[in-house]
Amino acid sequence: MTQQTWDDVGGLLPYDEFRAASDAIVANIEQVIEGKTATVRLALAVLLAEGHLLIEDVPGVGKTKLAKALARSIDCSVRRIQFTPDLLPSDVTGVSVYNQETHDFEFRPGAVFANLVVGDEINRASPKTQSALLECMEERQVTVDGVTYQLQTPFMVIATQNPIEMEGTYPLPEAQRDRFTARIAMGYPDPTAELAMLDAHGAVDPLPGLRPVSDADTVRRLIGHVRQVHVADAVKQYAVDLVTATRESPDLRLGASPRCTLQLLRTARAVAALDGRDYVLPDDLQVLAVPVLAHRIIPTADAQLARRTTDAIVADLVHRLPLPHDRKRSPYDTRPPTTGNGRAPFEPRRP
């Protein structure tokens, strides 16, 4: 059987079919994750943007549960890696083993040969092992002993880490962090959601009983649909201006990379599609600025002394950067004209 490579995706889906499939995945995950609809939708958006997700938060808020719930909601191959200090790169990518019967070396695939790879506590592995993910996350391939093996689509790495407990951990290098499309934090649930969690999860964990509501072929078609979402030139320029602002900020000694610009736009396409639009708004970029940019930048020593977080710096840049003056709408946009303040009404368009 021919393996589906990362470029083999379907075309544009009817809106109703796309909405039904995406809503089913979100609703399935929410059987396990209570009161975090926005976080769940962002995780799905990263998958449909062909990116990778870093979940960073304190222990016990459901980081691994979210990753496993997303994996279980899609009938794809899933591998989980528990990152530990003694984990080897070959455990991740695979290794060539000598076969005494054939008198030749044969390749035994590692854990990355799956549609969804869940890496738990990624910062507990050594930098040598962390670097084993660099090629597969960026190029959708793995090279072992000079032979390159293509990965199938969809392919997504969902990694978790605890930013508080740093003893015995190895911080992710910038090259690794830059390959994660977005970084999200689960946060504590509100009291109502936590009370509902006690009712739903108090007796038994619903995660083992979660059943898939989609499959790899459907996800490929959803990805193909997202690729067709229209982005106006003014919106592209706004994305460039936003990333450029991080490179010129006096609070930062390292700004966002061109890879970040690409992933910001791809994720904005996915968010627009999930909102029922076939075009991207500047507002989509504003919403995604912190999750997509903040983990890629490094503040200056003065900013660190002032206790300014990267999230706050990015949020301030978004606030100060003017929106495009020429907010040209998508040629597919059939909504009423813009309001008096120049802003278009943001209700999702229905075909």
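**Close-up views of a predicted model**

**View 1. The side chain of D284 reaches back to the backbone of L281.** A polar atom of the D284 side chain sits 2.9 Å from the backbone nitrogen of L281. The model is predicted, so local features need pLDDT of at least 70 and side-chain atom pairs pLDDT 80 or more, while totals for chains, interfaces and linings use all residues. Residues are numbered from 1 along each chain as its sequence is written, and side-chain values use heavy atoms, leaving out hydrogens and water.

**View 2. D284 is a buried residue of helix α12.** Helix α12 spans residues 282-293; helices are DSSP runs of H or I with at least four residues, numbered from the N terminus. D284 counts as buried because its relative accessibility is 5%, and buried means under 20% relative accessible area (1.4 Å probe, protein chains only). Leaving aside residues up to four places away in sequence, D284 touches A268, V271, A272, D275, R277 and Y279, where contact means heavy atoms within 4.5 Å.

**View 3. A nonpolar surface patch includes M197 of helix α8.** M197 lies in helix α8, residues 191-201, and has a relative accessible area of 32%, so M197 is partly exposed, a class between 20% and 50%.

Key:
Patches are made of residues with over 30% relative accessible area and no salt bridge: like charges are joined within 9 Å, nonpolar side chains (Val, Leu, Ile, Met, Phe, Trp, Tyr) within 5 Å. Accessible areas come from the Shrake-Rupley method with a 1.4 Å probe; for residues, only the protein chains shown count as cover. A salt bridge is a side-chain nitrogen of Lys or Arg within 4 Å of a carboxyl oxygen of Asp or Glu. Helices (H or I, at least four residues) and strands (E, at least two) are DSSP runs, numbered from the N terminus. A polar contact is a pair of N or O atoms within 3.5 Å; within protein, one must be able to donate a hydrogen and the other to accept it, and residues adjacent in sequence count only if both atoms are side-chain atoms.
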